[in-house]
Amino acid sequence: MSATFVPRAPGAADGIRASAPPDLAIAEPLPDIIPPRKARGRARRLVARHPGAVIGGVLLAVVLAMALLAPWIGTVDPTALSPTQRTRAPSALHWFGTDLLGRDIYSRVVYGARVSLVIGFSVAALASAAGLAIGLVSGMMRRADGIIMRIVDGVMSIPPILLAVALMALTRGSIGNVIVAITVAEIPRVTRLVRGVVLSLREQPYVDAAIVSGTRPSTVIWRHILPNSLAPMTVQATYICASAMIAEAILSFIGAGVPPSTPSWGNIMAEGRALWQVKFTIILFPAIFLSLTVLAVNLVGDGIRDALDARMAKDV
Amino acid sequence: MLGIIVRRLVATIPVMAVVALCVFSLLYFAPGDPVTIIAGDQASPADVARIRATLGLDRPFLVRLGDWTWRILQGDLGTSIFTNIPVTELIAQRVQPTLSLMLVTLAFAIAIAVPLGVAAAATAGSVVDRSVMALAVLGFSVPVFVVGYVLAHVFAVELGWLPVQGYTPIERGLGPWFANLILPASTLGFVYVALIARVTRAAMLDVLAQDYVRTARAKGLAPRAVLFLHALKNAAVPIVTVIGMGIALLIGGAVVTETVFAIPGLGRLTVDAILRRDYPVIQGVVLLFSAVYVLMNLAIDLLYTLLDPRIRY
Amino acid sequence: MLLLSVENLQIHFRTPDGVNRAVDGLSFTVAAGETLAVVGESGCGKSITAMAVLGLLHRPPAATAGAIRFEGRDLLRLSEPEMREIRGNKVGMIFQEPMTSLNPVLTIGRQIGETLRLHQGLSRDGAKERAVELLRLVGIAEPGRRVREYPHQLSGGMRQRAMIAMALACSPKLLIADEPTTALDVTIQAQILDLMRDLKQRTGAAVLLITHDLGIVAEVADRVIVLYGGRKVEEAAVADLFRTPRHPYTRGLLGAMPRLGAAERADEPGRLAEIPGMVPSLKQRLEGCIFAGRCREATDLCRRFAPALEPKAPRHLAACHYAPKDALAA
């Protein structure tokens with residue numbers, strides 16, 4: 001009962017057996033039960049594995065091109081008023097129709113890409129830089145840490161949009177002020193992130209050894225901390241870029257953003273607010289462009305995160 | 001337990017102090033002269049002087065800070081420059097719609113997002129999972145007012161199923177109150193659902209890989225019992241945490257949602273105050289919302305001890 | 001009477017870089033009341049086989065072929081609800097890590113009781129009462145208090161006792177124990193083994209004991225199968241295997257085992273120092289004997305032709321061309 005019997009398919013290994021000694025007991029090879037995967041090209045594999053990142057990258061490239069080429073692909077001056085052409089429906093002349101003041105919405109939407117991208121990228125860069133600096137100080141200097149973290153906790157308790165709103169209520173509407181207002185609200189999050197990386201690195205024996213053996217702080221930062229902060233910060237920066245573009249639209253939409261004459265997507269929608277029940281297209285077109293742009297940035301961010309995760313998984 | 005609550009409440013004092021200090025000192029650190037901006041371009045020198053005095057900007061920073069703090073501790077948030085009505089009174093008039101909107105959204109979002117996240121994690125890699133994740137990315141990408149206008153356009157204007165705008169106080173019946181909140185709550189809840197579903201999925205994926213889930217399956221428990229009894233309770237801490245942190249999103253979103261749906265709540269009050277540069281009102285609302293946020297997260301901290309027997313304060 | 005019969009079992013996994021043939025053509029049987037030890041290094045497919053018997057593999061990514069007959073029914077062909085009737089009821093399982101295998105947020109009583117409520121339809125109170133009895137049976141002091149506690153409040157040995165109580169709650173016909181003592185202190189290990197032997201005698205359950213520790217095998221098993229690279233390379237009664245191991249891999253395992261006080265010496269880093277090299281990747285099809293790459297006695301013949309598993313002595317199977325063969329074997 002203990003010896004189990006393995007059924008044998010006759011002739012399955014005849015080819016191998018032919019060259020073997022006649023009395024040798026040879027195991028039959030078993031068939032594979034999973035069919036092999038079809039081979040695919042490099043590009044198609046990339047699309048199949050990371051469809052989101054590819055779509056996001058392409059979308060973002062299109063929006064970037066639109067912003068750069070705005071003067072050539074916009075049909076008319078986005079600020080030109082034409083009182084006789086007010087609130088027109090989309091037509092061959094005005095592809096997306098016109099707003100309350102007779103401005104061409106298509107042109108305004110095209111130029112709006114510039115505002116959104118400038119604000120998104122500026123806030124991402126500024127908030128990252130400021131957050132990095134404050135986070136480094138907080139992580140490296142025990143004495144400053146307590147005070148900085150108290151402040152960070154406090155600022156993080158103010159909902160970011162409200163903080164930006166409060167700031168905007170005290171300054172004149174301009175792209176620069178909007179960037180500053182949104183940046184201030186985003187800095188605490190980056191600070192937390194960088195501080196976390198620094199603190200976890202300080203636990204590492206090699207970093208600790210470098211600090212104890214008197215390596216200058218600047219060298220420690222440059223050699224150990226910056227390279228390790230870079231990956232999570234890049235991902236965080238793309239998400240900040242996306243949320244900054246939404247924040248700008250919200251600020252402009254409620255009247256606390258860039259000046260109304262500036263063609264920003266939030267402003268176009270703010271102008272459409274009064275008429276949205278009858279002229280939905282005024283809001284619809286900038287809404288689609290804003291959503292797609294933010295989606296593109298988010299997808300690219302997810303793609304970077306996945307790529308970095310995979311690399312870290314491989315390093316381990 | 002009471003001792004813990006008191007200790008935790010005391011611990012929030014420094015945070016609230018920083019919030020108050022921030023909101024207060026913005027007036028002093030804002031570039032240019034905020035008073036002329038608040039007063040507007042057509043203001044006479046007398047108007048500017050009056051506003052400066054109302055805001056107390058004619059007195060030294062520390063004197064004013066002490067005075068302001070003392071009054072806040074007594075429950076006085078100042079007076080609106082525009083209407084001359086005390087800010088607390090303005091807030092009291094507007095609390096109900098905002099509170100209704102946020103509570104309905106909270107209930108809605110949690111009831112939808114947690115099962116979505118659990119389903120996605122349970123079927124990781126499947127069509128269900130991919131759809132939930134796609135929905136989550138969409139939730140983060142489509143701004144709240146876009147969601148609002150599209151929903152309102154489809155369900156109120158085109159289909160006529162729900163009221164387009166406005167708010168019905170709860171005293172006038174639960175039905176109308178709720179009907180008026182469905183669209184705004186769906187709007188406000190969209191990004192919140194995305195956030196909670198994503199974190200729920202991640203937390204559940206983590207938990208489902210644990211040995212005790214295998215043990216639960218080895219006992220012969222049905223998938224539903226394994227997921228909702230054994231796994232979800234272990235994933236609860238990160239989920240509840242993100243629900244708390246997401247309240248900041250809800251507050252910001254409420255300002256916009258109330259504008260889209262013409263709901264006379266605190267968000268609307270804020271927007272009106274911005275247009276009129278009524279800084280004391282903005283200050284009051286920001287302080288109030290921040291306090292709510294801090295207290296909610298305090299409550300969630302305390303909830304941890306109930307969810308996980310290993311956590312003790 | 002045969003309780004469990006695994007026939008030509010294949011378990012393959014789809015991975016990003018190829019198909020992993022984790023178990024390939026494994027056959028063995030367990031009679032009612034018998035203890036069969038499954039021995040091998042980590043990655044040899046022993047735990048995956050246990051998961052397959054319980055129907056706990058996720059398919060996909062896993063794919064299975066062959067048959068796992070339990071009381072005459074092929075478990076691989078059962079539906080998920082039918083399988084749930086068997087899990088925890090007719091087949092109980094003890095896992096390696098009592099710390100991580102118990103749910104940290106549910107009380108011990110709850111975790112034992114839910115098996116009873118599920119399979120035996122006990123009431124909440126009935127299940128709790130029975131849980132207390134079971135804890136007493138596995139030698140936990142103050143069982144009435146312990147049922148209300150959480151896993152983190154118990155010591156490692158107590159947690160494994162609770163795990164055993166849980167596995168035995170419904171008096172299963174077959175108990176699968178996957179490295180039941182590996183994570184425990186040496187003195188606790190001996191206690192848990194004693195307990196398992198004692199309970200086995202009382203309940204008459206068959207045991208499928210999965211381990212890398214031959215010391216434990218000598219103490220508790222009736223028969224042994226040795227796995228290597230997802231295949232069975234040797235099978236014999238415990239005494240035969242220890243007296244005359246036929247496969248070079250088994251000899252390596254035995255040679256690597258400390259002789260004196262074998263049961264007390266458990267997991268040591270240098271345990272397999274006598275077998276050089278690593279388990280080959282199962283993602284490529286191998287020609288010849290899978291052990292050839294690490295075998296000192298391997299010849300060209302071994303590298304070209306995979307040896308079949310054949311009787312080398314009565315009730316003693318081995319898969320090696322050069323394994324000594326008794327005249328009586330047939």
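Figure 1. Domain 1 of chain B covers 20–73 and domain 2 covers 87–307, with bounds taken from an automatic or database domain assignment. Where the domains meet, domain 1 of chain B contributes 7 residues and domain 2 of chain B contributes 5; two residues are in contact if their C-beta atoms, placed from the backbone, lie within 7 Å. Local features in this predicted model need pLDDT of at least 70 and side-chain atom pairs count only at pLDDT 80 or more, while totals for chains, interfaces and linings use all residues. Residues are numbered from 1 along each chain as its sequence is written, and chains are lettered from A and ligands numbered from 1 in the order in which they are written.

**Figure 2. The domain 1 side of the contact in chain B.** On the side of domain 1 of chain B that touches domain 2 of chain B, α1 (2–29) and α2 (34–39) each supply at least two residues. The most, 3 residues, come from α1(B). Helices (H or I, at least four residues) and strands (E, at least two) are DSSP runs, numbered from the N terminus.

Figure 3. Residues 99–122 of chain B are 100% helix and 0% strand, with end C-alpha atoms 34 Å apart. For residues 235–261 of chain B, the end C-alpha atoms lie 36 Å apart, and the span is 93% helix and 0% strand.

**Figure 4. The fold of chain C.** Chain C has 12 helices and 12 strands. Its radius of gyration is 20 Å, close to the 20 Å that the globule rule gives for 330 residues, so chain C is as compact as a globular protein of that length. The radius is taken over C-alpha atoms, and the rule is 2.2 Å times the number of residues to the power 0.38. Along the principal axes, the C-alpha atoms of chain C fill a box of roughly 65 × 45 × 40 Å.

**Figure 5. The side of chain C that touches chain A.** Here 26 residues of chain C are in contact with 16 residues of chain A. Elements of chain C that give two or more residues to this side are β1 (2–15), β2 (18–31), β4 (62–70) and β11 (310–313). The largest share, 7 residues, comes from β2(C).
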